[in-house]
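Hi there,

Have a look first, and then read on for what turned up.

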Number of protein chains: 2
Amino acid sequence: MSLISVGTMAFDAIETPFGKTDCIVGGSATYVAYAASNFVKPIKQVSIVGNDFPKEEMDELRRRGVHLEGVEVVKDKKSFFWSGKYHLDMNSRDTLATDLNVLTDFNPQLPEAYQGAEFLMLGNLDPTIQKKVIEQLRIRPKLIVMDTMNFWMEIAMPQLEETLKLVDVLMVNDSEARQLSGEFSLVKAAKEIIKMGPKYLIIKKGEHGALLFHGENVFFAPALPLEVVFDPTGAGDTFAGGFIGHIAKTGDISFANMKRGIIVGSAMASFCVEKFGPERLKEVNKADIDSRIQQFVDLVSFDIELV
Amino acid sequence: MSLISVGTMAFDAIETPFGKTDCIVGGSATYVAYAASNFVKPIKQVSIVGNDFPKEEMDELRRRGVHLEGVEVVKDKKSFFWSGKYHLDMNSRDTLATDLNVLTDFNPQLPEAYQGAEFLMLGNLDPTIQKKVIEQLRIRPKLIVMDTMNFWMEIAMPQLEETLKLVDVLMVNDSEARQLSGEFSLVKAAKEIIKMGPKYLIIKKGEHGALLFHGENVFFAPALPLEVVFDPTGAGDTFAGGFIGHIAKTGDISFANMKRGIIVGSAMASFCVEKFGPERLKEVNKADIDSRIQQFVDLVSFDIELV
């Protein structure tokens with residue numbers, strides 16, 4: 001089962017109540033690749049970087065089965081850079097700098113070898129670019145998953161609406177779901193968003209877990225209660241990577257299997273926040289992941305008899 | 001299995017984005033009684049009301065197996081009155097009026113017939129009064145559950161600490177858990193609070209569900225995603241009533257059964273918010289409750305194989 005992942009590969013400078021980093025590797029497609037490569041190979045990466053993106057990072061991704069033919073390297077420009085500072089609650093943050101750099105030139109051309117992929121993960125990007133990627137695929141993937149954010153709802157709503165018509169699964173956070181739908185209740189928001197195109201909607205609520213909506217079905221997955229959330233950067237992308245990694249590994253796009261995908265994504269995200277950037281994701285092995293998934297099983301399991 | 005429930009029986013005037021009520025019946029012990037009486041009889045109520053508390057309400061409670069011998073009626077005073085207005089998010093509210101009235105005289109004397117009760121639910125009250133109730137019981141109940149709020153942490157912390165030493169289960173909301181422990185992480189907060197006395201801690205997170213902590217064990221129960229939260233008043237007390245009602249019905253104070261109690265409490269709370277005051281709680285029957293509990297089962301159920 002092959003997976004195309006489209007998104008940014010970038011540098012982040014992050015400040016949290018627990019510490020501070022200078023430039024470390026980040027970007028949505030980086031997190032998706034580190035998470036998903038635990039479950040599926042190859043991952044056909046589509047991104048753009050500058051002349052400053054570390055060779056060691058590229059090598060590490062290759063070792064994990066990530067194909068980089070679709071990653072454009074711009075010789076005379078720098079990689080996308082984001083800098084932010086988290087508040088004490090770790091749910092809100094201030095953006096200190098956003099240097100688009102190479103991202104202004106991003107106009108992905110899918111390599112011929114990427115054709116025929118069964119799964120497509122569209123990381124948060126300009127919806128026009130997301131649509132162009134879909135249109136380049138001669139055979140429609142079995143499942144197209146899309147992430148987006150409030151920024152595009154504010155400056156490119158008509159384009160976003162066009163792209164939404166083409167995807168199967170949309171992932172947004174709770175405030176974005178409210179903004180996109182104009183509804184405060186997440187149940188009502190889900191109904192409105194599903195009318196816009198996606199058959200499945202995943203609402204990420206950070207420390208409060210995630211919801212999956214499809215028709216009349218709803219599934220809720222908790223986040224793992226953690227002693228320390230060290231750095232939430234990339235948690236949403238890591239969640240997406242675990243989700244699509246599990247779906248691509250199994251090839252099963254049923255609602256029941258999407259529920260499992262959400263648990264896998266939540267488990268991967270719970271690792272991501274334990275250290276700065278994707279550092280922790282590089283350390284975990286299969287036993288760690290299995291043990292973390294078991295924690296999720298234990299966290300919500302109960303048996304009740306209706307008597 | 002007999003249950004003593006201590007708390008307020010009062011009037012509320014409530015304004016929500018969906019409507020407004022004048023004086024309707026409320027109070028923590030009222031909600032506990034309406035919720036718990038679906039599961040256990042008798043409920044030995046301990047409270048205080050004024051000359052204005054409706055006879056029909058007393059009769060209705062009696063019909064549901066609630067003993068009112070421990071409810072003092074003060075002839076020349078009015079019942080406790082609270083008035084509040086909810087914000088659009090339904091999680092925050094402004095208190096518009098708090099008329100203590102009879103509550104200033106509340107010095108509960110347990111009727112002799114209440115002795116020997118196996119379960120004790122202490123609704124949110126002055127911790128000194130909560131302690132006095134515990135001390136009047138000649139045989140310690142099998143399980144003592146206590147609710148409290150930030151107000152007592154601010155004005156009566158030493159007394160609250162004394163009472164905490166005497167109880168088995170504490171119920172607070174997330175911000176109260178943080179305030180009581182001085183820890184932001186709920187996992188760390190739980191560890192600190194459990195050192196203060198209670199062996200079990202339930203953290204209520206409103207629309208984000210509830211957590212149960214005991215030793216190294218954690219259980220998470222979601223809240224049901226609802227299209228409309230009409231009025232959240234009493235949801236926490238209703239949750240408490242469903243919880244202690246299930247525990248008292250089964251007589252089982254194991255961790256596994258407390259998990260079930262939390263699901264039952266969450267189901268009852270999800271009814272409570274559908275109409276003003278305890279109105280919806282008066283309507284639901286066993287079939288409604290079973291069907292609602294089944295929705296909780298479906299909401300979180302998934303099967304995953306660690307392969």
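With which residue of chain B does R178(A) form a salt bridge? The partner is E207(B), and the closest N and O atoms of the pair are 4.0 Å apart. Please keep in mind that this is a predicted model.

On the chain A side, α7 (186-195), β14 (217-221), α9 (255-272) and α11 (286-300) each supply at least two of the residues that touch chain B. Of these elements, α11(A) gives the most, with nine residues. By type, the residues on this side of chain A divide into 22 nonpolar, 14 charged and four polar.

As for the extent of the interface, 40 residues of chain A are in contact with 40 residues of chain B. Together the two chains bury about 3700 Å², and 63% of that lies on carbon and sulfur atoms.

One more residue to look up is T30(A), which is found in helix α1 (residues 28-36) of chain A. T30(A) counts as buried because its relative accessibility is 0%, and the cut-off for buried is under 20%. Leaving aside neighbours within four places in sequence, T30(A) is in contact with T8(A), M9(A), A10(A), V25(A) and Q45(A).

Notes: Residues numbered from 1 in each chain as written. Chains lettered and ligands numbered in written order. Predicted model: local features only at pLDDT ≥ 70, side-chain atom pairs only at ≥ 80, totals over all residues. Heavy atoms only, no water. Contact = heavy atoms within 4.5 Å. Buried area = accessible area lost by both parts, 1.4 Å probe. Salt bridge = Lys/Arg side-chain N within 4 Å of Asp/Glu carboxyl O. Helix = DSSP H or I, 4+ residues; strand = E, 2+ residues; numbered from the N terminus. Nonpolar A, V, L, I, M, F, W, Y, C, P; charged D, E, K, R; others polar. Buried < 20%, exposed > 50% of the residue type's maximum accessible area, 1.4 Å probe, protein only.
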